[in-house]
Structure formats: structure tokens, C-alpha cells
Amino acid sequence: MDLDVFVSAHRAEWDRLDALLRRRRRLTGAETDELVALYQRTATHLSLIQSSAPDPQLTGRLSQLVARARSAVTGTRSATWRDVTRFLTQGFPAAVYRARHWWVPTALLSTAVAALLGWWIGTHPEVQSTIAAPAELRELTRPGGQYETYYSTHPAASFAAQVWTNNAWAAALCLILGVFLGLPVIWILFQNMLNLGVGFGLMSSAGRLDTFLGLVLPHGLLELTAVFVAAGTGLRLGWTLIDPGPRTRRTALAEEGRAAIGMAIGLALVLFVSGAIEGFVTPSGLPTWARITIGVLAELAFLAYVYVLGRRAVRAGDTGDVEAAERSATVPTAA
């Protein structure tokens, strides 16, 4: 594309659209129709320039012009309960379901890594000695030791809030940092699996693996699933930079990034549930079987939510992205 020729051919249309927007409250019916037509043409012009001859100054001007025109044509729109309902029943489960080919393998591989680390630590006293002194290890793993009191040291409500905040932040980091080719996500995930493996190994070497699992499983199933979903989505976002498919890299990153932001909100709600379980159920006086049952039911409910509502939404065409009216105008890309 010859950018100078393109600008010369369409500058008059852009100036006319700008003039109509400045006096949009006093437009006639014919002028309103003209504004809509010019908005559609300018949006197409913007997409062509972005894909063929990106010019920062011109792109910035047309982006502002298209945004003003879109506001004039569609009006200001605020979120409603319909949007919340759509997000919870379609957008979020669809985004998680679409990412299943990333987060399910991530979950399986990460669990295997945690189990391997736990076995290695639990069967090698020399490795345990690098973690802490023998007296400190005994204090950690003894009945009533730090592994057990960790869940009941603070008031349940404040502990649940702290856990929720920490886990939601970790999940958000996985989603945000995925844009750096997924490398920070792998590191965050490894740190989580290392912490899990250390607890697994130390408690198993002390003959208290059943106690450890009774403390971790009630909240850990749902919590770790949320972390795996975030990590898998972050890795997919990083891969989008390498292989955007038939879309332009800009379009692919925008679409997957918007879905990831929505997923961060949804996962915060999931982690709120796991945090409540960790704060109120894990340290409770309920029998171990009852606490684990609550954790298993919460996990099964989430998986059913994703695989039933999510599959249905994806088959209906939902991708987890915002609605079409809220997206920037683009032109089709050849496959």
C-alpha cells in the first residue's frame, strides 16, 4: 500500500466524519446516516493501515476517530446484570474449556513433577538436611507442628482473605506474564510444585503423609486446578506470539489477551471458594473424610461447570472474548 496515496484518497472522508462528530447533537437524519457510513469506512481504513502500512501517528488519529464514532453510533454502554450472567454462564466457562488442551496437560505434568520431587525429598535424608536442620524438620512435621497449625494460627476469615489474595495474585501473574513467551509462567508453576513437593516429601518421611493429604486435599484440588488453568492459559498466550495461526499477531494477541483478562476475573471467584474452604473447612474439627469430600465435591462442581456450560457455549460460538460490539473493528484475514 502507498500510504501517501491512501491518505490523499480518504482524508476528506475522515475530516467529514470529524466535522459530523463535533456537531452530532444537531445532525439531520441524512447526516446521521452519513456518519454511520463514514464510521464503517474509517474503521475499515484503520484495519487496512494497521495490517499493511502501520504508521503510529496516523493509526493514533484514526483510532481516536473510530472510538468517538463508535460511541456516537452505539451510545455509552454500562455493564448490567445481563453481562454478569453471560460472563458466568458462557464467557468464562467457554474460555476455560477452550484452553483445556493447555491446562489439562499442564496439570498432569505439574502433578507428576510435584510427586517426583516429593519422592526424592522423602527418600533422601541428605536432601532434607539442605532444607532445614533436623530439629526444625521435626518441629515442622510432628503432631501439632507447623504444617498442621499453619491452617489454624490466624482467624479463619482473615486467613481465607490472605490465601485468596495470594492465590489470585499468583494466577494473575501467570496470565499476565504469559506474553513473555510463557517463561515466567513455567518458573511460577515450578515454585508452586516445589513447595507442594517439599511438604509431601517431609511429611511422608515422617510417616504422616495421610495427615498431609488430609490438610491439602480439601482446598488444594480446586486451588491447584485454578493455578493450572491460569498457567495453561498463560502458556497459550505466549505461544500465540510464536504462532498466531491465520490471524495477524496483533489480532491474535488482542483476542487471547481479552479472554485471559476475563479468565483472571473468573479464576478470582474460583480461588475465593478455595480460600474459603482453606480458611473454614481445612482447619475445622470435621473428620478427614468429610473435609476431603467437600474438596472433591468442589472440584467436581468446577469441572462439570467447565465441561457442561463451557462446551455448550463453545458449540454456540462463544470464545470467551468480549461481545462483538465491544471489539475494535477489523477486516477479515485470509486463512
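Student: Is Asp18 buried or exposed?

Tutor: Asp18 is buried, with a relative accessible area of 17%. Buried means under 20% relative accessible area, exposed over 50%, and partly exposed in between (1.4 Å probe, protein chains only). Please note that this is a predicted model, in which local features need pLDDT of at least 70, side-chain atom pairs count only at pLDDT 80 or more, and totals for chains, interfaces and linings use all residues. Residues are numbered from 1 along each chain as its sequence is written, and side-chain values use heavy atoms, with hydrogens and water left out.

Student: Which side chain does Asp18 meet in a salt bridge?

Tutor: The side chain of Asp18 meets that of Arg22, at 2.9 Å from N to O. A salt bridge here is a side-chain nitrogen of Lys or Arg within 4 Å of a carboxyl oxygen of Asp or Glu. Arg22 counts as exposed, at 64% relative accessibility. A network of salt bridges links Asp18, Arg22 and Arg68.

Student: Where are Arg22 and Asp18 relative to one another?

Tutor: Both are in helix 1, and because they are four residues apart they are separated by about one helical turn. Helices (H or I, at least four residues) and strands (E, at least two) are DSSP runs, numbered from the N terminus.

Student: How many salt bridges does the count come to?

Tutor: The count comes to nine. One of the salt bridges joins the side chains of Glu13 and Arg41, at 2.7 Å from N to O. Glu13 lies in helix 1 (residues 3–22) and Arg41 in helix 2 (residues 29–52), so this pair ties together parts that are 28 residues apart in sequence. Glu13 is buried, at 19% relative accessible area, whereas Arg41 is partly exposed, at 41%.

Student: And what does Asp15 form with Arg61?

Tutor: Asp15 and Arg61 form a salt bridge, with their closest N and O atoms 2.8 Å apart. This pair links distant parts of the chain, 46 residues apart: Asp15 is in helix 1 and Arg61 in helix 3 (residues 56–74).

Student: Let us change topic. Which residues touch the most other members of the largest nonpolar core?

Tutor: They are Phe92, Val96, Met263, Leu267 and Phe302, in a core of 34 residues. A nonpolar core is a set of buried Ala, Val, Leu, Ile, Met, Phe, Trp, Tyr and Cys residues joined through side-chain atoms within 4.5 Å. Helix 11 gives the most to this core, with nine residues.

Student: What does Val96 touch?

Tutor: Not counting residues up to four places away in sequence, Val96 touches Trp103, Val229, Met263, Phe302 and Val306. Contact means heavy atoms within 4.5 Å.

Student: Where does Asp318 lie?

Tutor: Asp318 lies in the segment after helix 13 and counts as buried, at 9% relative accessibility. Its side chain makes a polar contact with the side chain of Arg86, at 3.1 Å. A polar contact is a pair of N or O atoms within 3.5 Å; within protein, one must be able to donate a hydrogen and the other to accept it, and residues adjacent in sequence count only if both atoms are side-chain atoms.

Student: Which other residues is Asp318 in contact with?

Tutor: Leaving aside neighbours within four places in sequence, the contacts of Asp318 include Gln90, Gly91, Ala94, Arg98 and Ala313.
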